[in-house]
Amino acid sequence: MSTVPGKAPRTVLPDTPEHDVEASRVEGVPARVGVLGGGRMGAGIAHAFCLAGSAVVVVERDDDAAEAGLARVTQALARSVDRGTTAEPLADLARRVAVSTDYASFSPCGLVVEAVPEDLDLKRQALRAVEDVLDDGAWVATNTSSLSVDALADALQRPDRFFGLHFFNPVPASTLIEVVLGARTAADLEAAARSWVGALGKTPVVVRDSPGFASSRLGVAIALEAMRMLEEGVASAEDIDAAMVLGYKHPVGPLRTTDIVGLDVRLGIAEYLASTLGPRFTPPAILREKVARGDLGRKSGRGFFTWDDAAPSSAPRPRPDLDTSPAAPVKGERT
Ligand SMILES: NC(=O)c1ccc[n+]([C@@H]2O[C@H](COP(=O)([O-])OP(=O)(O)OC[C@H]3O[C@@H](n4cnc5c(N)ncnc54)[C@H](O)[C@@H]3O)[C@@H](O)[C@H]2O)c1
């Protein structure tokens, strides 16, 4: 579909030296990978596949966004070189990354991962446009954190080539990727996806398309119980979190995690899970009340803890390696 007119910063065509698949060292990942959307997650996904050896093209909606996406990927690659995560020189890595505003740039890709904002209609439209330029055998994945993979697949002509690849934020620090199998995903996808995720240096968790996949469903279940315990006066927020951190080796307690994710986001997820999985996910009154008061967690300065900049005043500094699963679900979303 669209090529946006104007001065594309690095609109690429397959087989140009800029998009140098010959120089790649592909092992276990598709030789050419496309990423739709070069924002927070898309840039991380492009960085991960580039490090693993793929030639990556990121398609953005306009020139400025493409330029910003390229800068994000390049900075992440530079950090990996500085930290010794890769022995490859930055120039060689950068040669394998290109950005474009033209969906046709995806045409030689064996896999395209969609990472545009969490909006059912936007994703459906974008995925359809991606599918149109790909070979029949190519795979298309969505990085949705909450939408139904099957609902997205309804928009596609080849739903058997479609699945979910749920990366966590920030991508370089996270070692988990959920592989979400839709009802119509082809049977050979699972083995291929396991191999790709392994080649990215991460661990796959394979789940059937269902509300909350595995991660959000379990994470939210624990958090809601922690809120009920706080409501009932079983223990303080600090002590409830400490029980999980010290007793069960969770890196961050459930209430502090909720503060980091955003109480409004978790309320939206809980409402969606309650509507799909049943009343055990009904949000506790304390959560509704805090959201109504505007106590949304870290972003508003107060949630279950009081936050001073990036750290809660009554608990240790949070780790950055959480999936801060973003926007609240909209109609039809899964979390
Ligand atoms: N941020 C997180 O913590 C997180 C974690 C896991 C999954 N996710 C999921 O990843 C997806 C992306 O989230 P994000 O945080 O990276 O968002 P983001 O806003 O940082 O990035 C989205 C990008 O998509 C681009 N875009 C919008 N419409 C486009 C179009 N039609 N064509 C091409 N590009 C387009 C935007 O310009 C932007 O750069 C969402 O589905 C989100 O739910 C996010």
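**View 1. An open sheet of eight strands in a predicted model.** In this predicted model, the eight strands of an open sheet follow the order β3-β2-β1-β4-β5-β6-β7-β8, with mixed pairing. Strands here are DSSP runs of E with at least two residues, numbered from the N terminus, and two strands pair if DSSP finds at least two bridges between them. At the edges sit β3 (97-100) and β8 (203-208), each pairing on one side only. On average, neighbouring strands are turned by 25 degrees against each other, direction ignored.

**View 2. Strands β1 and β2 side by side.** Here β1 (residues 32-36) and β2 (residues 55-59) run parallel, joined by five bridges. To find your way in, look for R32, whose bridge partner in β2 is A55. Residues are numbered from 1 along each chain as its sequence is written.

**View 3. Helix α6 on the sheet.** Helices are DSSP runs of H or I with at least four residues. Helix α6 (residues 189-199) packs on the sheet and touches β5 (139-142), β6 (162-167), β7 (176-181) and β8; contact means C-beta atoms, placed from the backbone, within 7 Å. The direction of α6 makes about 165 degrees with that of β7, using axes fitted to C-alpha atoms, for helices over the stretch in contact, and N-to-C angles from 0 to 180 degrees.

**View 4. The shell around the ligand.** Of the 27 residues around the ligand, G37, G39, R40, M41 and N169 come nearest; a residue is near if its C-beta atom, placed from the backbone, lies within 6 Å. Helices α1 (40-52) and α2 (63-82) each supply at least two shell residues, and the largest share, three residues, comes from α1. Local features need pLDDT of at least 70 and side-chain atom pairs count only at pLDDT 80 or more, while totals for chains, interfaces and linings use all residues.

How values were computed. Contact = placed C-beta atoms within 7 Å.
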